[in-house]
Amino acid sequence: MKIIVLLFVVFILGSLFSALYFLIRDKGHSERMVKALTVRVVLSIALFALLMLGFHFGIITTKL
């Protein structure tokens, strides 16, 4: 599970930096930045849902 979460974080950061690159390169007049940010939001929501499902089904536990 840790590897999956780390991969999601890497892809989210990659999408964020690609949006920054498109912002600088296209000077904000392209839809590539919007698409990259959309991918980032979708990946973030998917990661959140994955973490919640993992906690619900007992894959992720708390250590108290």
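I take contact to mean heavy atoms within 4.5 Å, and I take helices (H or I, at least four residues) and strands (E, at least two) as DSSP runs, numbered from the N terminus.

I note that this is a predicted model, in which local features need pLDDT of at least 70 and side-chain atom pairs count only at pLDDT 80 or more, while totals for chains, interfaces and linings use all residues. Residues are numbered from 1 along each chain as its sequence is written, and side-chain values use heavy atoms, with hydrogens and water left out.

Overall form. I looked up the secondary structure and found 2 helices and 0 strands in the protein chain. The C-alpha trace spans about 50 × 15 × 15 Å along its principal axes. I then checked the radius of gyration, taken over C-alpha atoms, which is 15 Å for the protein chain, whereas a compact globule of 64 residues would have one near 11 Å; the globule rule is 2.2 Å times the number of residues to the power 0.38. Among contacts between residues at least 6 apart in sequence, 56% join residues at least 24 apart.

Helix α1. I looked at Ile4, which is found in helix α1, and its C-alpha lies 32 Å from that of Asp26, 22 residues apart in sequence. Ile4 counts as partly exposed because its relative accessibility is 40%, given that buried means under 20% relative accessible area, exposed over 50% and partly exposed in between (1.4 Å probe, protein chains only). Val9 is also in helix α1, and I record it as partly exposed because its relative accessibility is 34%.

Helix α2. I tested the length of helix α2 (residues 32–56): its 25 residues should span 36 Å at 1.5 Å a residue, and the end C-alpha atoms are 36 Å apart, so the two agree; the expected span is 1.5 Å times one less than the number of residues. In α2 I find Met33, Ala36, Leu47 and Gly54 buried, and what covers the buried residues of α2 includes α1. Gly58, with a positive phi near 85°, follows α2.

Burial and surface. Which share of the 64 residues of the protein chain counts as buried? I get 14%. The protein chain exposes about 5,300 Å², of which carbon and sulfur atoms supply 76%; accessible areas come from the Shrake-Rupley method with a 1.4 Å probe, and for residues only the protein chains shown count as cover.
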